Amino acid sequence: MGMTITEKILAAHSGKNSVKPGDLLQAKVDLALANDVTAPLAIKVFYEVGRSDVFDREKIALVPDHFVPNKDIPSAAQAKIMRDFAGKHNIKHYFEVGDMGIEHVILPEKGLVIPGDLVIGADSHTCTYGAVGAFSTGVGSTDLGVIMATGEVWLKVPPTIKVVFKGTLQKWVGGKDLIIYLIGKLGVEGANYRAIEFTGPVVKELSIENRLTMSNMAIECGAKNGIFETDEITMNYIKDRTTRKPVIYKADPDAKYEREIIIDVTDIGPQVAWPHSPDNVKPVSESGSVKLDQVFIGSCTNGRLEDLAQAAEILKGRKRAEGLRLIVIPGSQLIYKQAIQQGIIETFLDAGATIGPPTCGPCLGGHMGILTKGERCASTSNRNFLGRMGDIGSEVYLVGPAVAAASAVLGRIGLPEEL
Amino acid sequence: MKIQGKVWKFGDNIDTDVIIPARFLNVSDKEILAKNCFADLRPEFGGSVAKGDIILGGSNFGCGSSREHAPLAIKTAGIGVIVAKSFARIFYRNAFNIGLPILESKEAVEAILDGDKVSVDLITGEITNVNKGVKYAANPIPDFMRAIIDAGGLVEYVKKQ
């Protein structure tokens, strides 16, 4: 019987010729990931397993990004646990402040994830790497601690939902709009325990950045992973980033899908997910006048160069609305540098933005832009749960970078056309 | 093995951000995490859960962030079992991995009220509303998850392999 892309990668990593949904596998991991919040617990588990060393010092990535540069004394202690562990076990892919960035931004950027890989991370947005043709999913710290010791993980083969995007994209509509539109249709539990395969003529034209945004938010409808077929765009993206050989999997013509969803994007304008759930989605054009206190452009969802460039294109020669805070956080050190070289940072500064160092920042209510009661923020991040970015009386509206930039100028949620 | 205690009832889509808000993730000390469990949604929770109390959740319990601090905080606070209509994928794994019992039962969640006294048989999956004498059956736990429980969590399971 034919297999989906996800099934093929899982089969290849568990020494099987064929797998089907529901099969329980013991799979070999190409890369295991943890951050400054999840690593300390995982390290404790690693030592409990009782192995003297990690399974492969070159197949573990440890990225301080949630609370760094450290926001307080306890978070400095957590980061130190990870730093000391990385030093002791000579972990190759440890990224210190000054080299680091948001984990899901820098791993693809540095070519550490390539097509055909199986990547497991102690962070729910590990699903981001489906954009480069890898199977990747999030787990907790105990799973990750065991993986650091053994290099293996148990996985149940998920049924796959095929999502076909067709039609013609409107201006200012990107990966963010497509994925939150889909989450609005599926609901936050709509793909729980499932794989999503993104396909169709629209996604075949999308940049890797847009695909990363879409795979990133697969978890927001519960999905285990969200994967794209590797194509010329993928190969161009990885070619100067790795010396490893990618393995390209395509779905068989007779692959079995649990369901197929066809979305015609022609009539879809920019979208916004209202508080307090990523599936509370409506078109920006029907959002009325939502007055804003803050706009945040950044995160593992939309903190890449293309996102910043799009926002800057709209902010060029304009100023943020009076009384509104505009916070921009490039996703990595490299993106920060490129944004400086291309004049993007200058545009942001002239528009009245403040620029933060690469970090998750306010996305998860960590630091650098926490909201108080009654405040509203339009954010290019991925979650707008109750209290996600601060007080439970605050509100987060999820948008793409174009709408975020336009909204910063308007002082309310709005479209670039309104400027 | 039986768990008996008071019910703390929650709705659908309880995410791990409300279980343990990010501002408390700067430590991994489970006692501190437990004290701050549901700090915003039910501030009295961390200080007043009695050992063996039970959480009832709606659908998609534990969605969002993979932070294992969430089930760890719930377990350390004293909760003996979570019964929900359904669990989000990562939370489901994490709970088994750390030895926090979880069961699925739509009927029990719909019928049992906040504050009710409930007894749960972790072996048979029988859920009893002690006040009303009504019994409900939980969905059977998959064999592989049962093997992890029987071993005493994932670490012990792996050590035995």
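Two strands are taken to pair if DSSP finds at least two bridges between them, where helices (H or I, at least four residues) and strands (E, at least two) are DSSP runs numbered from the N terminus. The model is predicted, so that local features need pLDDT of at least 70 and side-chain atom pairs count only at pLDDT 80 or more, whereas totals for chains, interfaces and linings use all residues. Residues are numbered from 1 along each chain as its sequence is written, and chains are lettered from A and ligands numbered from 1 in the order in which they are written.

In chain B, strand 1 (residues 2-9) pairs with strand 5 in the antiparallel sense over five bridges, and Gln4(B) has Ser119(B) of strand 5 as its bridge partner. Ser119(B) also stands opposite Thr128(B) in strand 6 of chain B, strand 5 (residues 117-121) and strand 6 (residues 126-129) being joined by three bridges in the antiparallel sense. Strand 1 of chain B runs parallel to strand 2 (residues 54-57), with three bridges, and Trp8(B) lies opposite Ile55(B) of strand 2.

These pairings belong to an open, mixed sheet of seven strands in chain B, ordered 4-3-2-1-5-6-7. Strand 4 (102-104) and strand 7 (134-137) of chain B stand at the edges, each with a single partner strand, so one side of each is left without a neighbour in the sheet.

The contact between the chains, counted for residues whose C-beta atoms, placed from the backbone, lie within 7 Å, takes 32 residues from chain B and 41 residues from chain A. Helix 5 of chain B gives the most to the side of chain B that touches chain A, with six residues.

Technical notes:
Contact = placed C-beta atoms within 7 Å.
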